[in-house]
Amino acid sequence: MSPLLQRHTRARAAGAALAATAALLVAGLSGSASAGPAAAAPPSAPSAAETLRTDAAPSALLKAMERDLGLDRGQAERRLANEAEAGATAGRLRAALGGDFAGAWVRGAEAGTLTVATTDAGDVPAIEARGAEAAVVPHSLAALDAAKARLDRAADRADTSDAPVWYVDVRSNTVVVEAVRPAAARSLLKAAGVDGGLARVERSAERPRALYDLRGGDAYYMGGGGRCSVGFPVTKGTQQGFATAGHCGRTGTGTSGYNQVAQGTFQGSTFPGRDMAWVATNSNWTATPYVKGAGGQNVRVTGSTQAPVGSSVCRSGSTTGWHCGTVQQLNTSVTYPEGTISGVTRTSVCAEPGDSGGAYISGSQAQGVTSGGSGNCSTGGTTYFQPINPLLQSYGLTLKTNGGGEEPPGEEPGGTWAAGTVYQPGDTVTYGGATYRCLQGHQAQAGWEPPNVPALWQRV
């Protein structure tokens, strides 16, 4: 494996009709059933699809989903709506099941079926009452995450070049280690002290590498040579800039834009370990809430709510443009020649050198920036992205969006909730004298106050 720095060259719900299924699931996953009194959303509350503005998906995104996922226009639209509702439902059930929760995923052409896994068969009625399918499994998500964390620590002391990828696979309820040589995977598992019942080894020829190569997906150039792609425009106070991949440049590296005009400087960069960075731009550049879609069209960004496993996701990059696929696993670790990267998301989207740093987006929700992968956009491949919310949190950045809304009129209600803060599932805040629990990871913004978005917050 070697870095591919782009040096200025291109290197079932069975038994029901699909339409009926989609209609039932959008209704069933929107929260009409309840796992408990605190989980119920008020009748007038917006649905998750409304909160995440799936109806505003641009034509360029829908066309790419049709091309890459084999859908027609109606299926693409219904898929986005179903994914939004599934994420909200999974968040509510995660809060309700507590330590029993073992993950969630969607499946079907329209993401019409949500499965929620639990370690306790007694949870099945609560899961089914929410319109989801239940899977009873031996290991909780917390147990799988803990095993994966032990692998991460062991990798700091081991050569993982022949076992370069490991992740929590909620669908199989195991930690998977992909290896060119299975013996290397077994050695890593032994060093980490991970029980064989929690893990499995898969043989793979994949050798990922970093995809080197202010609108997401546009090209930029590093002062020392090489090309990468803008991830998402951001702000830090009054300073404007963009998020991108850490392997593209070190702190202090200068950049020029797609037009070769002086642009900015890397203010922070982490690689390996994570693959995150941000560039502060000069006054000639203005952050916009857009990602470059097919044909150069603007795809707007309205938030950063994390999509569940199985969801559609599209990527914009300066080499290969606009491509789509699905989220395969969260919480993945992958070894490049430069070292191991943890906490990335594994996808079926293709990418090539120069696409690094570019934007991944699900509907209108920012997901992350391109890190690396294998394969190409001619024969297909696997890619990994650095999730955007940890990046924003690490550097104190605010995602540029045109979502949310204006601050509500009247007196400030008070509480610990704050716009610009990155919240993770299970976090609690107060707002207007009430306490709320976060259901889905996101960066808070005006208009997304807890009472307004039951897809993201549950009153407790």
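Helices (H or I, at least four residues) and strands (E, at least two) are DSSP runs, numbered from the N terminus. An α-helix has 3.6 residues a turn, so residues three or four places apart point the same way. Lys148 and Asp152 form a salt bridge, with 3.1 Å between the closest N and O atoms; the term stands for a side-chain nitrogen of Lys or Arg within 4 Å of a carboxyl oxygen of Asp or Glu. Both Lys148 and Asp152 are buried, where buried means under 20% relative accessible area, exposed over 50%, and partly exposed in between (1.4 Å probe, protein chains only).

A word on the source: this is a predicted model, in which local features need pLDDT of at least 70 and side-chain atom pairs count only at pLDDT 80 or more, while totals for chains, interfaces and linings use all residues. Residues are numbered from 1 along each chain as its sequence is written, and side-chain values use heavy atoms, with hydrogens and water left out.

The structure holds 16 salt bridges. One of them joins the side chains of Arg346 and Glu206, at 3.8 Å from N to O, and both Arg346 and Glu206 are buried. Another pairs Arg315 with Asp355, whose closest N and O atoms are 3.5 Å apart. This pair links distant parts of the chain, 40 residues apart: Arg315 belongs to strand β17 (residues 312-317), and Asp355 to the loop between β19 (339-347) and β20 (359-362). Arg315 is buried, with a relative accessible area of 0%, and Asp355 is buried too, with a value of 0%. Elsewhere, Asp162, Arg181 and Arg207 are linked in a network of salt bridges.

Next, have a look at the open sheet whose three strands come in the order β1-β2-β3, with mixed pairing; two strands pair if DSSP finds at least two bridges between them. At the edges stand β1 (101-107) and β3 (133-136), each with a single partner strand, so one side of each has no neighbour in the sheet. From one strand to the next, the twist averages 20°. β1 and strand β2 (residues 113-118) run antiparallel and are joined by five bridges, and Arg107 stands opposite Thr113 in β2. Helix α4 (residues 73-97) lies across β1 and β2, running at about 15° to β2. Axes here are lines fitted to C-alpha atoms, for helices over the stretch in contact, and angles run from 0 to 180 degrees between N-to-C directions.

Now turn to strand β6 (residues 199-203), which contains Val201. Val201 is partly exposed, with a relative accessible area of 32%. Leaving aside neighbours within four places in sequence, Val201 is in contact (heavy atoms within 4.5 Å) with Val177, Pro182, Ala185, Arg186 and Leu189. The C-alpha atoms of Val201 and Pro182 are separated by 6.7 Å, with the two residues 19 apart along the chain.

We finish at helix α8 (residues 388-395), where Ile388, Asn389, Leu391, Leu392 and Tyr395 are buried. Seen down the axis of α8, its buried residues fall within an arc of 160°, so they line one face of the helix; the arc is that of the directions from the helix axis to the C-beta atoms. After α8 comes Gly396, whose phi is positive, near 65°.
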